[in-house]
Amino acid sequence: MKALLLENIHTDAVDSLRSRGFEVETRKGALDPQELMAALDGVDLLGIRSKTHVTREVFEAHPTLKAVGAFCIGTNQIDLTAATDTATAVFNAPYSNTRSVVELALGEIIALARHLTDKNSAMHQGVWDKSAKGSHEVRGRTLGIVGYGNIGKQLSVVAEAFGMNVYFYDVVDRLAMGNATKCDSLEQLLNTVETVTLHVDGRESNTNMFGREQFRQMRPRSLFLNLSRGHVVDIEALREALVSGHLAGAGLDVYPSEPKVAGEAFESPLQGLPNVILTPHVGGSTAEAQENIGGFVSGKLIDYCRYGTTSLSVNFPEVQLDPYIHGTRLLHIHSNLPGVLARVNLVLGEHGINVDRQQLVTKGQMGYLVTDCGNGVTVDVVAAVKALPETIRVATVS
């Protein structure tokens, strides 16, 4: 089988796939949907990061694509409904780079609170400005976390260890970590804290969730960070809040429009503003995080292709399977309708196939039936199962 890995995915993923017999092609940058459609001919596995968008058009043009690995946290760049409709499993790395993002967020909070960006710039220009004016410790200050998922929770714990008072808001009911205080509304959080950091997902409904009204509600001389998704912040509104002095500083790692590859020109209305930290989407880009992500996601792709395991899949029913296969394992992805199990077993019985064990798991409109068969599964058996009206895809591993 062949894998295509885009966007400088860690070499651990390449080595892992190749060591298990996969042919691997790598490309440095992202591809747009039309480029991706052309590149996917003959490809079984696709690996991407955050910049390559996998659309319904791409999935429908390549119905034999078995799985997509998002070597990052988010999957909003993938049309998950289309992936499910075409029986393409999607895996991501929901935990592997959380610590890296947390450390960057906390580092930027400290740098902004101490005006280290301004001090550094002045020193490079030969100006010795030894002054405590505007510089503050983070201990005892209030931090507001918008989005209390894996990153938000870990940031909550680490920030509290630094002596910060943590508040959080999430549209989902979340259990507070440590001594963090839950806010009932975004407005309540903005009126309370001195630093706001965003850690929300990239769903379309979050577009411009932070604009003029939200910045107006923040306390004067607050700090603002966005290390989540670029489109969730109105950049012009943020610039206005910074230029007016309402905000004392900001740190951004993501932007509404980002270059596809390293070396391309980057432009932002925030360039040149004092006490503003701009980083090129490197929140999860540490050696440790990328190594962890490369090993984790490639492992999920390998386990799915070799054994049919779908544990931690974003869109498939989750099944953790024994790697030991005696005979042939039949993987049947189908519409979740009554009677499918009986019809598959009828086909197997008619062909004299002995069933050693079976697992059927459903998720929404999809069913995933795994059947370990003690004796040979012929092409005729596979064809008969494929012919069932509920079938979306059939595969075998042995």
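Asp-372 and Arg-329 are both buried. They also pair up in a salt bridge, with the closest N and O atoms 2.6 Å apart. Asp-372 sits in strand β15 (residues 366-373) and Arg-329 in strand β13 (residues 328-335), so this pair ties together parts that are 43 residues apart in sequence. Keep in mind that this is a predicted model.

**Salt bridges**

- The count of salt bridges here comes to 20.
- Asp-372 and Arg-329 belong to a network of salt bridges that also takes in Asp-322 and Arg-357.
- Lys-51 and Glu-258 join their side chains in another salt bridge, at 3.6 Å from N to O.
- Lys-51 comes from the loop between β3 (45-48) and α3 (56-61), while Glu-258 comes from the loop between β11 (247-252) and β12 (276-278), so the two link parts that are 207 residues apart in sequence.
- Arg-27 bridges to Glu-25, with 3.1 Å between the closest N and O atoms.
- Arg-27 is partly exposed at 33% relative accessible area, and Glu-25 is partly exposed at 24%.

**Helix packing**

- Helix α1 (residues 11-19) packs on helix α11 (residues 287-307) at an angle of about 30°, and their axes are 7 Å apart.
- Angles under 35 degrees count as roughly parallel, so α1 and α11 fall into that group.
- The crossing of α1 past α11 is right-handed.
- On the α1 side, Asp-12, Ala-13, Ser-16 and Leu-17 make the contact, and on the α11 side Glu-291, Gly-294, Ser-298 and Ile-302 do.
- Sorted by class, that contact has 3 nonpolar, 3 polar and 2 charged residues.

Conventions. Residues numbered from 1 in each chain as written. Predicted model: local features only at pLDDT ≥ 70, side-chain atom pairs only at ≥ 80, totals over all residues. Heavy atoms only, no water. Axes fitted to C-alpha atoms, helices over the stretch in contact; angles between N-to-C directions. Helix = DSSP H or I, 4+ residues; strand = E, 2+ residues; numbered from the N terminus. Parallel < 35°, antiparallel > 145°, perpendicular 65-115°, else oblique. Left-handed = near helix turned anticlockwise from the far one by under 90°. Contact = heavy atoms within 4.5 Å. Nonpolar A, V, L, I, M, F, W, Y, C, P; charged D, E, K, R; others polar. Salt bridge = Lys/Arg side-chain N within 4 Å of Asp/Glu carboxyl O. Buried < 20%, exposed > 50% of the residue type's maximum accessible area, 1.4 Å probe, protein only.
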